[in-house]
Amino acid sequence: MERDELISKKVSDTLIRAASNFREDQKKVYEKAIKEETNPSTKWVLESLLENSEVAQKNSSPLCDDTGIPHLFLEVGKNKKVSGEFLESIQQGIAEGLQKLPGRPMAIKGNDIERLEQSGGLDVDPGAVSPAPIIIKPVEENVIRLYILMQGGGPEIRGKTYRVFHQHKLEVIIDEIVKWTIDEVSKLGCTPCIPAIGIGRTHFEATSLMIEAMIRGNFNKQSDIEKEITNNINMSNIGPLGLKGNNTALATFVNVGPQRASGVRIVSLRLCCCVEPRVASVLL
Amino acid sequence: MKAINTPITEYMIENLSVGQIITVSGQILTGRDAVLPKLVALIENDKHKELGIELKGSVIFHTAVSPAGVGPTSSNKLDIERSIPELAKAGVKIHLGKGALKPSTLESLYKNNSVYAIIPPITALLSSKIIKKEIVAFGEEGMEALHLLTVKEFPMIIAAAHGKTLY
């Protein structure tokens, strides 16, 4: 197999893994929530979600029919090189992975207006769903590692990137994040959610940090800030699928970036749904 | 878990309560943002019977139907939620999706003895419960076309019924 074909194959397999597998820490947090849940309907929802993940993993089939828009995060070590040809092989692997999964054929055809109005028809090829712009980050480790995230539509409706006047108090920022979440989470429907949060200087930076939070976050290793946000959201008593209870959020993933000398912080919040974050990585 | 079959009768609805888990077997329609407003326009012009489907006693699942499977989309998306009152009036008995609905939408369900049910995004599990799928209308919408699914023991939770709601 040629090197570019090998890269495409690795990328394709990783996309399928991201779309069809719960991470180990994700399985553990579900098992814990099921054990603690006393309401039979809520327990059934959590058990169904875990069972769904087991079947999806066994069949390498989608966890959710909204297979999502692929987002790519590439770590590049000091002595590694990334060429245009290499990036092309990655793109090829994404298309192949979507075709094999199969992804939902949801690319809209046509010119700007047709795409906006969804009047140009849908492309029947799942591989036509193009990935979002790639994020590239230099790392100390001498590797090229690609993370693939599959981002569903529901969390995009409920997400928000906006400014917070922090008043030099962490609590102000936390309270605002919790308020945004509680305002939207019952409409998300697919709870328990996992709020992914990036805090930076610009909208672009905060959103990039939020994407990175989905990669670095760990359900079983929560910081004090993450624990506080989760606990405050869970006081809302919305629960899985809106059935009430303590599991409105299973965890929170926060990534704090560089900050500007200013009274403003830019916060990007994405309410990941109960099958997310769908992420897998591969060394290329 | 209570098991019911389509078509859904007025009596079946009267015996459902909020929070109850049920399974539905039989035929269910699917539609979401692209197609439900078109279906409502046909109902308003009394042309829906030309589709050859019966809305009285029906179930509409807010989902796309694609090779990736099926799973609930947000029922509170503008085009979906505003179709619910007219569809309930036309005889749709179970509106299946996810997410909180407005009080005015829930009121329209109550008036028409219709219920709102929710389902987790369990696409992998649901794939074994779909026996047959066919496009009924609006094929140009692709995965968003109006489909008719034949299903066996589709699980769901009643989220709003008889003026009561989870939300």
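Because the model is predicted, local features need pLDDT of at least 70 and side-chain atom pairs count only at pLDDT 80 or more, while totals for chains, interfaces and linings use all residues. Residues are numbered from 1 along each chain as its sequence is written, chains are lettered from A and ligands numbered from 1 in the order in which they are written, and side-chain values use heavy atoms, with hydrogens and water left out.

**The two chains**

Helices (DSSP runs of H or I, at least four residues) and strands (runs of E, at least two) are numbered from the N terminus. Chain A has nine helices and eight strands. Its radius of gyration, taken over C-alpha atoms, is 19 Å, close to the 19 Å given for 284 residues by the globule rule (2.2 Å times the number of residues to the power 0.38), so chain A is as compact as a globular protein of that length.

Chain B contains six helices and eight strands, which follow one another from the N terminus as β-α-β-α-β-α-α-β-α-β-α-β-β-β. For chain B the radius of gyration is 14 Å, close to the 15 Å that the globule rule gives for 167 residues, so this chain too is as compact as a globular protein of its length.

| Chain | Buried residues | Accessible surface |
|---|---|---|
| Chain A | 55% of 284 residues | about 12800 Å² |
| Chain B | 62% of 167 residues | about 6500 Å² |

Contact means heavy atoms within 4.5 Å. Among contacts between residues at least 6 apart in sequence, 81% in chain A join residues at least 24 apart, and in chain B the share is 64%.

**Helix α5 of chain B**

Helix α5 of chain B covers residues 103-111, and its buried residues are B:T105, B:L106, B:S108 and B:L109. These residues lie on the same side of α5(B), because they cover an arc of only 155° around the axis, the arc being that of the directions from the helix axis to the C-beta atoms. On the other side of α5(B), B:P103, B:S104 and B:K111 are exposed, a term that stands for over 50% relative accessible area. The buried residues of α5(B) pack against several elements of chain B, including α4 (84-89), β4 (92-97) and β7 (146-161). After α5(B) comes B:N113, whose phi is positive, near 50°.

Notes:
Buried < 20%, exposed > 50% of the residue type's maximum accessible area, 1.4 Å probe, protein only. Areas by Shrake-Rupley, 256 points an atom, 1.4 Å probe, with all protein chains shown as cover.
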